[in-house]
Amino acid sequence: MPLLNRVVSRGVVSSKILIVEDEANIRRMLQIALHSEGYQALEAESAFAAKQWLNSTAFSCILLDLGLPDEDGKSLVRFIRTLVDTPIIVISAREHEQEKIAALDAGANDYITKPFNVGELCARIRAATRNKKVVQVAEQLSDKILTIDFAARLVTLNGEPLELTRKEYQVLEALARAPERVVTQTQLLCDIWGPTHAEDSHYLRIVISHLRRKLDCRELDHDHQYIHTEQAVGYRLKLL
């Protein structure tokens, strides 16, 4: 299939992406990779330059390094969130789980560590931008098999209602409100069980285990796992 047709089918032609990265060689590599996928990439080598772009240009996604020369990337994430809800994917050499959690809690949609695979990054960009469109659709989330009606608090799998406990539904709803995006353990525990349970991760593990069993698609000839674990960070809902 010609490249142009492949890109058009993804619906990303002319989509603008902001690369916030102080290393010129990484910016150049990302420019080449994103251009081949049909994106228009603009560059900022500092937080100051990124803010200038954000004052004048709308982006479909922001790729952001944490180690900027003039400001910590997490602070920039928080600043961006005061302006726009554009998906933010952090790209950083910082591998410690607390850095990932802090960036996600600050408002980032996803986190990928250096060195990274360009194919995976492009897949995460597509997921993040697809998620933004889904969230704007409103009170129902649905794919070929799973439907979550937020207004009715009803979940069906292949047309059959699922019986969920209150906590199971609350966890699933929290993940479904941000499909394809990592939701941290801390956020889930604080929002659903309360701030005093921020460290009680075993509560969450039990509920996730029950949800996975109830959302098992193998009997429907779909070898798909809806809830994915981001080790020591949180969980994400991945649709078919």
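Colleague: Which residues touch the most other members of the largest nonpolar core?
Modeller: This is a predicted model, where local features need pLDDT of at least 70, side-chain atom pairs count only at pLDDT 80 or more, and totals for chains, interfaces and linings use all residues. Numbering runs from 1 along each chain as its sequence is written, and side-chain values use heavy atoms, with hydrogens and water left out. A nonpolar core joins buried Ala, Val, Leu, Ile, Met, Phe, Trp, Tyr and Cys through side-chain atoms within 4.5 Å; buried is under 20% relative accessible area, 1.4 Å probe, protein chains only. Of the 29 residues in this core, the ones touching the most others are Ile148, Val171, Leu175, Leu204, Tyr226, Ile227 and Leu237.

Colleague: Which element gives the largest share of this core?
Modeller: Elements are DSSP runs numbered from the N terminus: helices (H or I, at least four residues) and strands (E, at least two). Those giving two or more residues include S7 (146–149), H8 (185–192) and H9 (201–214), along with H7 (166–176). The largest share, five residues, comes from H7.

Colleague: Val20 is opposite which residue in S2?
Modeller: Strands S1 (16–20) and S2 (40–44) pair (at least two DSSP bridges) in the parallel sense, over five bridges. In that pairing, Val20 stands opposite Ala44.

Colleague: And which helix does the chain go through from S1 to S2?
Modeller: The β-α-β crossover here is right-handed, which means clockwise from first strand over helix to second, with the strands pointing away from the viewer. The helix, covering residues 24–36, is H2.

Colleague: Why do the buried residues of H4 line one face of the helix?
Modeller: In H4 (73–83), the buried residues are Gly73, Lys74, Leu76, Val77 and Ile80. Directions from the helix axis to the C-beta atoms define the arc. Seen down the axis, the buried residues line one face because they fall within an arc of 155 degrees.

Colleague: Which strands stand at the edges of the open four-stranded sheet?
Modeller: The order is S6-S7-S8-S9, with antiparallel pairing. One side of each edge strand has no neighbour in the sheet, because each has a single partner strand. Those edges are S6 (140–142) and S9 (160–161).

Colleague: What is the bridge partner of Gln140 in S7?
Modeller: S6 and S7 pair in the antiparallel sense over three bridges. Across in S7, Gln140 has as its bridge partner Asp149.

Conventions: Buried < 20%, exposed > 50% of the residue type's maximum accessible area, 1.4 Å probe, protein only.
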